[in-house]
Structure formats: structure tokens, C-alpha cells
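Please look over the sequence and the model below before reading on.

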Amino acid sequence: MATFYDTHAHLDYPDFAPELPQVVARAEAAGISKIICIGTDLESSRRAIQLAEDFPNLFAVVGWHPSNVMEAPDDLRTALRELAKHPKVAALGETGLDYHRLPSMDKDVPGRTEDDERYKAKQASLFRQHLEVAAEMKLNCVIHQRDSLEDTLAQLEPFADRVRGVFHCFANDSAAMRRIVDMGSLVSFTGILTFKNGQNIRDTLAATPLDKFMLETDCPYLAPVPYRGKRCEPAYVKEISEVAAQVKGCSLEELSAATCETAAGFFKGL
């Protein structure tokens with residue numbers, strides 16, 4: 001059986017707490033040999049580290065998600081440095097820019113344009129702090145980007161000689177993929193690849209070089225077909241990999257070798 005990694009999982013979420021050992025065991029049974037647990041704030045990052053301590057095949061990524069930045073301290077760098085010293089921390093993130101739901105779009109308590117600008121400025125500040133600490137500590141960054149490609153690339157570009165990014169849950173077109181790859185960074189694909197309405201994602205994967213992408217679940221979200229609509233989990237990388245191999249016209253063994261080597265080169269300590 002071909003083995004794969006789940007390079008983006010939120011196993012610290014309460015969805016998994018009652019049966020975490022079973023979730024990890026199901027992943028192993030499906031050939032998912034390593035799982036990257038992603039932090040979304042400092043507490044979540046600490047939980048990810050604890051999980052990485054508890055399970056030998058789990059690794060942690062520490063950081064603050066851009067959608068939650070208004071709850072973050074103004075300066076995260078000291079906290080990031082401390083967390084990143086742990087031997088099972090493999091990268092920083094997830095960090096980046098997300099303009100999909102701005103404060104002014106809130107239907108219950110609509111914000112003002114000034115609120116949008118403050119929100120974007122705080123995201124940009126914390127993204128830069130992640131990049132600065134990653135450069136200092138020779139780590140890479142897991143990047144969350146939604147409706148913000150130009151600004152995200154502009155912030156990453158000055159660090160591109162020291163920090164690589166993986167643009168997780170990639171949903172942009174092949175032209176955007178090529179710009180990212182040309183900067184030395186990577187993209188990563190989720191269960192959307194298997195959706196009936198995911199042809200645009202399959203088209204982008206088809207254009208992506210075999211050594212420039214990884215696979216992920218983003219669980220508990222985005223369960224692939226035939227589990228769509230249910231809680232996702234790392235074992236389902238198996239279904240994602242089967243579609244990915246079809247799209248790339250390669251064997252599962254070839255896809256396994258390429259994506260696992262790419263992940264091992266990106267994440268520290270894998």
C-alpha cells in the first residue's frame with residue numbers, strides 16, 4: 001500500500017477529542033504515516049505540540065490564523081520563538097491574509113470601511129512577524145490565502161530567499177500556482193479535488209509539477225467524496241491521493257514518493 005502524509009490537519013479541535021487515538025489509528029491503517037497538526041492561535045499551537053508529544057507520527061505547526069487576528073496580541077514574535085524551539089515543531093503557521101469575510105460584511109454587526117483597514121493591517125503585521133521568525137529560525141510557513149493573492153505574494157517576496165511557503169487548500173488557477181512555484185514555494189490540495197464541482201482544482205493540479213505540491217485534508221473540514229458533508233479526518237488522504245494520481249497520470253507509488261519527499265524537504269524534522 002502506498003503511504004502518504006496529511007500535511008494540514010486540525011486534530012486539536014474538539015471534534016476529535018473523544019476518539020483521537022482511533023482517528024490516528026485509522027489514518028495509519030489507511031497508509032497515512034505522518035500528520036501535521038496546525039495551530040490557529042497560541043493555545044491551539046500548544047495543543048498541537050502536546051499532540052505531537054503524545055503521538056510519534058504527529059508533528060506541530062505553530063502560529064495564528066489570519067481570520068482571528070483581532071484577538072491576537074500586537075507582537076507575537078517572542079511567543080512564536082518560544083514555541084518554535086520545540087523539537088517537533090515543523091514550521092510556522094497557519095498565517096497569511098484572508099479578505100473573504102471582512103468586518104464590513106458582517107450581517108449581524110456590520111463594520112465600517114475603517115474596520116476593514118484595521119483588520120487587514122493587523123493581518124499584514126502578524127503575517128510579517130511569522131515570516132521574520134521563520135527566517136530567524138530557518139523554518140518555513142504554512143500560508144492561508146483567500147481573496148488576497150496579490151498582497152500575500154507581495155509580503156512573501158522579500159523573504160523568498162530565506163522562507164518557503166506552502167499555500168494550503170489551494171484553490172487558485174494554474175497561473176497563480178506558477179507564480180508561487182517560481183518564488184520557490186509550494187501548493188497543497190485538499191478533498192475539493194474530488195468534488196464534482198472541483199474541475200478547476202483538478203485543472204490546476206494537472207498543471208502543477210509533481211514535486212511542487214503536497215496533499216492535505218484540512219480536517220475536520222472538506223471531507224472528500226464519498227464522505228463529503230461529514231467530518232473529515234487524516235485517513236481520507238487516501239481518497240484524495242487516488243484522484244490526484246488519476247489527474248497526474250501516475251501511479252500511487254510515484255505520487256507517494258514525490259509528495260512525501262516534498263513534505264520532508266519543507267517541514268523540519270519529518
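E19, R26, R231 and E233 are linked in a network of salt bridges. A salt bridge here is a side-chain nitrogen of Lys or Arg within 4 Å of a carboxyl oxygen of Asp or Glu. Side chains of opposite charge can pair when their charged atoms come close. The model is predicted, so local features need pLDDT of at least 70 and side-chain atom pairs count only at pLDDT 80 or more, while totals for chains, interfaces and linings use all residues. Residues are numbered from 1 along each chain as its sequence is written, and side-chain values use heavy atoms, with hydrogens and water left out.

**Salt bridges**

Searching the whole structure gives 16 salt bridges.

| Pair | Distance, N to O |
|---|---|
| D75 and R77 | 2.7 Å |
| E136 and R81 | 2.8 Å |
| E242 and K238 | 3.0 Å |

Helices (H or I, at least four residues) and strands (E, at least two) are DSSP runs, numbered from the N terminus. E242 and K238, in contrast, both belong to helix 8 (residues 237-248), where they are four residues apart, about one turn of the helix. An α-helix has 3.6 residues a turn, so residues three or four places apart point the same way.

Are the residues of these pairs buried or partly exposed? Buried means under 20% relative accessible area, exposed over 50%, and partly exposed in between (1.4 Å probe, protein chains only). D75 has 42% relative accessibility and is partly exposed, and R77 is partly exposed with 25%. E136 is partly exposed at 44%, as is R81 at 28%. E242 has a relative accessible area of 31% and counts as partly exposed, and K238 is partly exposed at 31%.

Strand 7 runs parallel to strand 6 (residues 165-167), and two bridges join them; two strands pair if DSSP finds at least two bridges between them. F167 has V187 of strand 7 as its bridge partner. From strand 6 the chain passes through helix 6 (residues 174-182) to strand 7 in a right-handed β-α-β crossover. Right-handed means that, with the strands pointing away from the viewer, the path from the first strand over the helix to the second runs clockwise.

Strand 8 (residues 213-215) is joined to strand 7 by three bridges, and the two run parallel. The bridge partner of F189 in strand 8 is L215. Here the chain crosses from strand 7 through helix 7 (residues 199-207) to strand 8, and this β-α-β crossover is right-handed.

**Helix 6**

Which residues of helix 6 are buried? They are A176, M177, I180 and V181. These residues lie on the same side of helix 6 because they cover an arc of only 135° around the axis, taken from the directions from the helix axis to the C-beta atoms. Among the elements that cover them are helix 5 (149-156), strand 6, strand 7 and helix 7, where contact means heavy atoms within 4.5 Å. After helix 6 comes G184, which has a positive phi, near 95°.
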